[in-house]
Amino acid sequence: MTEPAQESPFVAHEALPGYAEAVTAWLADGTGTAAIPVWTGARRDLLDGIALARSVYAGRRTPEPAGTGVVVGASLPEEVRRLAGPLARTWVTKVEDLPDTGSVLVLGSYADLRADDVQDVVEQTYAQGRDLFLLTGRDAHTVSWVVAKQYADASPDGGIGVISELDALPAAPGTVWFGAEDVRHKDIQGIALDRVWRRVLFHGNGKDDQLNLGQFTLCGLSPVGERDPNLAGPKCAYGLGCTKPEEKLIPARRIRAAELVLANCFSGPLTDHAMYDPKYVILLDALDGPAQTVVATLTACDGARPENLAWLTESSGERNAARAINERLKDINPYPSFVQIGLRSGGVAERAEPAAGVEAAPVASAGVSAATDFPLHAVGARLSGLLDSGLLGEDYPLRPRLRQLSDGVLRYASRIVALSPQDGPPALAAIAEETKSLDLALAHRIAKHHDDAVLQFPTYFGERSLAEEPVDLDWLCNCGRPLRSYTRRGLVPVIADTVQGLCARCGDVVNSPVDGTELRVSAPDTVEAGTTLRVSITVAPHRAGTVNTGIVLPMYLNARARPALSRKEVRAGESARCDFEVEIAAEATPQAYYFTPYAVHDLGISTRRVHFTVSPSSPSSPSSPPASAGTGRSPGSPTA
């Protein structure tokens with residue numbers, strides 16, 4: 001349904017001098033009725049955003065300012081900075097001058113929002129439980145628009161809604177809720193665009209440029225700006241159309257909402273962490289539209305129903321929406337996943353009240369001890385995780401063999417058997433031999449079925465685990481950036497303890513069981529279609545034995561890995577190198593991809609995720625050079 005438009009609280013100025021005069025007059029206005037100035041320049045698309053905003057906002061407001069503000073970069077004119085002045089109580093000139101207490105506001109264009117400048121602020125405010133607000137946009141004109149929107153008061157007539165491709169549970173009471181079943185059968189495009197929202201959250205899989213909602217896609221493609229040919233883009237950037245039906249695209253800039261949440265991985269990366277050209281970044285497209293507050297993800301996240309409910313019930317005057325979600329997410333992702341662009345939105349009530357029947361899930365306490373007795377205890381725990389956690393369905397082909405081995409482990413665990421000279425050694429030898437055989441069977445299944453359910457263990461176990469404090473690793477991500485690792489302890493015995501390694505740019509790139517095989521990977525970060533990507537994988541198992549190694553490729557990439565599987569006998573304390581070739585078809589779609597090396601040993605599956613880009617083939621393209629064996633390379637270089 002289309003809402004009648006009301007008088008706009010904004011006024012557009014194409015010329016900077018006229019905008020400067022309007023800012024001065026607006027700041028001096030004591031009536032609270034003057035229209036809020038926006039410097040649009042030649043950006044005609046921003047006029048569309050201002051027009052859509054007429055049905056979202058009912059007038060002016062005086063927002064609660066942040067404690068301390070800071071401007072990053074030098075691309076914003078003084079007039080925009082002056083209009084932003086009342087949005088922080090005090091301003092400092094450098095990020096290093098920010099105090100250790102109070103909320104923080106960072107103002108700057110997206111090009112200036114670099115990790116070198118603001119990553120420490122993001123992490124420190126997260127660790128200290130402080131609110132962080134960003135005000136940014138694709139250029140100074142969008143920043144002017146985002147700043148102006150902070151002074152607008154949301155219409156009380158808008159709805160509060162959740163649209164989730166991933167949440168199949170019943171709707172939360174008191175909310176306009178469209179879950180997984182609705183996404184499959186309803187017109188999500190019409191629902192998203194034909195309504196006015198005070199607050200709306202979209203939840204699905206995605207990346208920098210898109211959020212998937214079944215056959216519908218929340219899209220970040222902007223009608224303005226030219227694509228930088230030196231930067232990667234999605235499929236459409238190469239003139240190859242969209243990955244989804246184009247008639248079902250939902251432009252983020254057209255959603256009429258005061259607060260918009262983009263709950264998918266990588267929806268709001270810092271500029272030097274973005275995979276794609278800014279023309280395609282969904283956050284930037286959303287900021288060009290009516291939303292005064294956009295909550296997006298800096299990196300990978302496992303946000304699900306608990307986070308959706310936290311957003312609904314725990315955002316209040318003392319805590320912004322991103323902080324509420326991050327605090328709920330901390331037990332599985334103990335790092336800042338979400339960030340808020342904009343101050344507390346006008347769509348939030350003075351204090352959010354829980355909807356009837358909605359309760360936040362309790363967070364379990366830390367301190368679960370690690371299982372270090374190997375192989376019996378580790379193999380038994382991993383068998384329990386495979387068989388009894390719900391990870392693998394009842395029809396999983398290897399289930400009968402896994403169950404038989406589990407029964408054997410339980411029999412051997414009896415002290416009567418283990419301490420018997422006649423029964424103990426033969427039983428343990430049989431367990432070891434069958435474990436080795438099942439390792440190979442699992443590795444073969446992964447090689448043949450790249451969507452095998454066993455590969456879902458990081459998310460499945462992680463959602464049922466408690467994350468411990470992260471620690472820095474002494475080796476780097478393949479993009480050359482630092483890695484932090486944390487252990488996730490299963491909250492019930494059937495959930496195996498896992499280890500996850502996180503890169504601020506690439507997300508969770510390391511996943512393995514505790515004491516699993518360590519994988520280090522070396523490969524170029526770009527390969528032309530029709531050539532070969534050479535990959536070197538070094539495996540270092542926790543215990544001596546046979547390690548089975550392979551590579552999982554995305555099903556949407558036209559490519560083949562050779563060999564299908566590598567088996568290496570590795571002694572304790574040593575490592576082995578496995579070389580692979582990924583043959584990229586000439587007709588492969590140019591875009592960003594990742595491949596997933598894996599290793600199977602002692603029923604533990606370790607994986608790495610390595611991002612790379614397929615570029616269009618040139619008239620004559622030699623094969624890619626051999627992978628470097630070094631570590632710690634700068635971004636854009638082959639890394640280990």
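This is a predicted model: local features need pLDDT of at least 70, side-chain atom pairs count only at pLDDT 80 or more; totals for chains, interfaces and linings use all residues.
Two packed helices are described by the angle between their axes and the distance between the axes. The table gives these values for two pairs.

| Pair | Angle | Axis distance |
|---|---|---|
| Helix 12 (residues 399-413) and helix 14 (residues 424-448) | about 155 degrees | 10 Å |
| Helix 11 (residues 376-388) and helix 12 | about 140 degrees | 10 Å |

An angle over 145 degrees counts as roughly antiparallel, and helix 12 and helix 14 are therefore roughly antiparallel to each other. Their crossing is left-handed. On the helix 12 side, the contact is made by Arg-401, Leu-402, Leu-405, Gly-408, Val-409 and Tyr-412. Helix 14 contributes Gly-424, Ala-427, Leu-428, Ile-431, Glu-434, Thr-435, Ser-437, Leu-438 and Ala-441. By type, the residues of this contact comprise 9 nonpolar, 4 polar and 2 charged.

For helix 11 and helix 12, the angle of about 140 degrees makes helix 11 oblique to helix 12. Helix 11 also passes helix 12 in a left-handed crossing. From helix 11, the residues in contact are Leu-376, Val-379, Gly-380, Leu-383, Leu-386, Leu-387 and Asp-388. They meet Arg-399, Leu-402, Arg-403, Leu-405, Ser-406, Val-409 and Tyr-412 of helix 12. The contact of helix 11 with helix 12 divides into 9 nonpolar, 2 polar and 3 charged residues.

Leu-402, Leu-405, Val-409 and Tyr-412 of helix 12 take part in both contacts.

**Helix 9**

Helix 9 (residues 305-314) is mostly covered, with 9 of its 10 residues buried. The buried residues are Arg-305, Glu-307, Asn-308, Leu-309, Ala-310, Trp-311, Leu-312, Thr-313 and Glu-314.

An open sheet is built from 4 strands in the order 24-26-30-28, and the pairing is antiparallel. Strand 24 (518-522) and strand 28 (559-562) are at the edges; each has a single partner strand, so one side of each lacks a neighbour in the sheet. From one strand to the next, the twist averages 25 degrees.

Definitions and conventions. Residues are numbered from 1 along each chain as its sequence is written. Side-chain values use heavy atoms; hydrogens and water are left out. Two strands pair if DSSP finds at least two bridges between them. Helices (H or I, at least four residues) and strands (E, at least two) are DSSP runs, numbered from the N terminus. Axes are lines fitted to C-alpha atoms, for helices over the stretch in contact, and angles run from 0 to 180 degrees between N-to-C directions. Angles under 35 degrees count as roughly parallel, over 145 as roughly antiparallel, 65 to 115 as roughly perpendicular and the rest as oblique. A crossing is left-handed if the near helix is turned anticlockwise from the far one by less than a right angle, and right-handed if clockwise. Contact means heavy atoms within 4.5 Å. Ala, Val, Leu, Ile, Met, Phe, Trp, Tyr, Cys and Pro count as nonpolar, Asp, Glu, Lys and Arg as charged, and the others, Gly among them, as polar. Buried means under 20% relative accessible area, exposed over 50%, partly exposed in between (1.4 Å probe, protein chains only).
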